[in-house]
Every structure is written in structure tokens, then in C-alpha cells.
Amino acid sequence: MLRYLMFNIIYAYFNVIVGSELGTFRDVSVTKCQSSDEKCNLVRNTNATISFKFTPKINITQVNVAVYGVMLDVPIPFPLKNPNACEDPNDGLSCPLRENQEYSYTTTMFVQKKYPKVSLYVKWELLNEQKKNIVCIEFPVKIE
């Protein structure tokens, strides 16, 4: 069972899913979010960047990214050009990842004009080669 913990990290109020199995994380930031914002405002037809530092608890050979928009507890996948974070030179990762070593992850996602203007949660996961959670972050956004 996943438990949620609400606290303020750098730029916005994040719901952190307590249940990241294979890693810990810190210093989460999302572009254009202020510490006083209840939700991160993502503007359609612009880029949004998320970054955080994380430390795997085990050696990891592959890191895949999964991103969802969550509405009414239903996760809707966001398409990614390259879900393999180890192969995407913009993500800042080079695999394999070593146990207990800190890594920085940064990626930019285009907020498409076709996305509806809606409030929802974004669920961002880093998964290992067995599809187990390394890191899972969930935060509220408003698409404008």
C-alpha cells in the first residue's frame, strides 16, 4: 500500500509516494514552480523541466522513465520520445548505475498544445530493468 507524504521541496508542493523501492531522492525541482504554488503551472506549447538527485540502493543496469497524468486516480501515460534514460544524452545518466552513488536526473518534456486545460497530478517514475521503482514522484499541476 502506498502512503503519501506532503511536504515542500524547493519549488512546489510535492506529494511524494513513499514506496520508491530501489532508491532515495532529494532536491526535486520543476520549472516555473514557486514554493508558494499549490500547483505547478505548465503552459501548453512550451517545455517543462524536472530535475532531482537520487541514490540507488542496488546496482542498476538500465533506467526507464514512465510519466503519467493522474486524473480521478486513473493514470494516463504521457508519450516519451525516448523512455530509456541511459540512452537519452539530455537526461544526464550513464548506465550502469552504482549502489549508494548519487546521480542527477534532468529532463525536459514538451507540453503539447493538444493537452487539455486541466488540473491533475503528474506521476514520474524511474524503473530498473525488472520494472521495479527506483524513484517515484507525484506532484500537482495545472495545464494552461
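1. Ground rules. This is a predicted model, so local features need pLDDT of at least 70 and side-chain atom pairs count only at pLDDT 80 or more, while totals for chains, interfaces and linings use all residues. Residues are numbered from 1 along each chain as its sequence is written, and side-chain values use heavy atoms, with hydrogens and water left out.

2. Overall make-up. The protein has zero helices and 10 strands. Here helices (H or I, at least four residues) and strands (E, at least two) are DSSP runs, numbered from the N terminus. Read from that end, the elements go β-β-β-β-β-β-β-β-β-β. Of the 144 residues in the protein, 44% are buried. Buried means under 20% relative accessible area, exposed means over 50%, and partly exposed is in between, with a 1.4 Å probe and protein chains only. The areas themselves come from the Shrake-Rupley method with a 1.4 Å probe, and for residues only the protein chains shown count as cover.

3. Three strands form an open sheet in the order 3-5-8, with antiparallel pairing. Strand 3 (23-30) and strand 8 (103-111) are the edge strands; each has a single partner strand, so one side of each is left without a neighbour in the sheet. From one strand to the next, the twist averages 25°. That angle is taken between N-to-C directions and runs from 0 to 180 degrees, with axes as lines fitted to C-alpha atoms, for helices over the stretch in contact. Two strands pair if DSSP finds at least two bridges between them. Strand 3 and strand 5 (residues 46-56) pair in the antiparallel sense over six bridges. If you want a spot to check, Ser29 has Ser51 in strand 5 as its bridge partner.

4. Disulfides. A pair of cysteine sulfur atoms within 2.5 Å is called a disulfide, and the count by this rule is two. Cys33 is joined to Cys40, S to S 2.1 Å. Cys33 is buried at 1% relative accessibility, and Cys40 is buried too, at 0%. The other bond joins Cys86 to Cys95, S to S 1.6 Å. Here Cys86 is partly exposed at 21% and Cys95 is partly exposed at 23%. With the bonded cysteines numbered in sequence order, the pairing is 1-2, 3-4. As for Cys136, this residue is buried, with a relative accessible area of 2%.

5. Salt bridges. Side chains of opposite charge can pair when their charged atoms come close. The rule used here asks for a side-chain nitrogen of Lys or Arg within 4 Å of a carboxyl oxygen of Asp or Glu, and it gives three salt bridges. Which residues are linked in a network? Arg26, Asp27 and Glu102 are. Asp27 bridges to Arg26, with the closest N and O atoms 2.4 Å apart, and Glu102 meets Arg26 at 2.8 Å, N to O. Relative accessibility is 38% for Arg26, 32% for Asp27 and 37% for Glu102. Elsewhere, Lys123 forms a salt bridge with Glu125, the closest N and O atoms being 3.9 Å apart; Lys123 and Glu125 are both buried.

6. A nonpolar patch. Met71, Leu72, Val74 and Ile76 make a nonpolar surface patch of about 400 Å². Patches take residues with over 30% relative accessible area and no salt bridge, joining like charges within 9 Å and nonpolar side chains (Val, Leu, Ile, Met, Phe, Trp, Tyr) within 5 Å. Val74 belongs to strand 7 (residues 74-77) and is partly exposed at 46% relative accessibility.

7. Backbone points to check. Most residues other than glycine have a negative phi, and most peptide bonds are trans. Asp73, not a glycine, has a positive phi of about 65°; this residue sits in the loop between strand 6 (64-71) and strand 7 and is exposed at 74%. Asn100 also has a positive phi, near 65°, and lies in the loop between strand 7 and strand 8, exposed at 57%. Pro96 is in the loop between strand 7 and strand 8, and the peptide bond from Cys95 to Pro96 is cis, with omega near 10°.
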